[in-house]
Amino acid sequence: TKTEADKWPAHRAAFMDDVGQLRLLTANWSIEDWQSYDCCGNTVAHVATLRGSLCCLQLALERGCDAEIKNSVGWTPLEEAADRSLAAPARLIFDFSEARKQAAATPALSLREQALKAIETMPDFKLKIKWRFGSPI
């Protein structure tokens, strides 16, 4: 109903494939706001996926909507897309998730590189070890 739709204007914008309105409504949203559910138990990403609104889905993912969040029936947006054979939204979600995973892995590589550079700049050192062999008996 119209009154229900007015409670979740961002979800309605995703439903109507109105990326301009969605951009305006979510300009100051936090990550928690992106996790909000509508009366059907879906996030903005779920609604955009189910409606095939690629622009709204991409905006939601870029602004911090978690692609792994589950709706009220326990499905992620990717699972919803796969269940309904929606190839384009599924590909968009999958590619975005992979890019996010690679970006998260990058700092670990740079930390490794920093450690190797630090070791290379350390001065050489000598260590004397005195060994004693004996029997405990």
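1. Threonine 3 sits in helix α1, residues 2–7. From threonine 3 to proline 77 there are 74 residues in sequence and 25 Å in space, C-alpha to C-alpha.

2. A word on the model before going on. This is a predicted model, in which local features need pLDDT of at least 70, side-chain atom pairs count only at pLDDT 80 or more, and totals for chains, interfaces and linings use all residues. Residues are numbered from 1 along each chain as its sequence is written, and side-chain values use heavy atoms, with hydrogens and water left out.

3. On the fold, the protein has eight helices and zero strands (DSSP runs numbered from the N terminus, helices being H or I of at least four residues and strands E of at least two). The radius of gyration is 25 Å, well over the 14 Å that the globule rule gives for 137 residues, so the protein is more spread out than a compact globule. That radius is taken over C-alpha atoms, and the rule is 2.2 Å times the number of residues to the power 0.38. Along the principal axes, the C-alpha atoms fill a box of roughly 85 × 40 × 30 Å.

4. Among contacts with a separation of 6 or more, 64% come from residues 24 or more positions apart (contact means heavy atoms within 4.5 Å).

5. Now the core. The largest nonpolar core has 17 residues, and Ala14, Leu22, Val44 and Leu57 have the most contacts inside it. Such a core is a set of buried Ala, Val, Leu, Ile, Met, Phe, Trp, Tyr and Cys residues joined through side-chain atoms within 4.5 Å. Two or more residues each come from α2 (9–15), α5 (44–51) and α6 (54–62), with the largest share, five residues, given by α6.

6. Two parts of this region deserve a look on screen. Leaving aside residues up to four places away in sequence, alanine 14 touches Val44, Val47, Ala48, Arg51, Ser53 and Cys56. In α6, the buried residues are Cys56, Leu57, Leu59, Ala60 and Leu61. After α6 comes glycine 64, with a positive phi near 115°.

Conventions:
Buried < 20%, exposed > 50% of the residue type's maximum accessible area, 1.4 Å probe, protein only.
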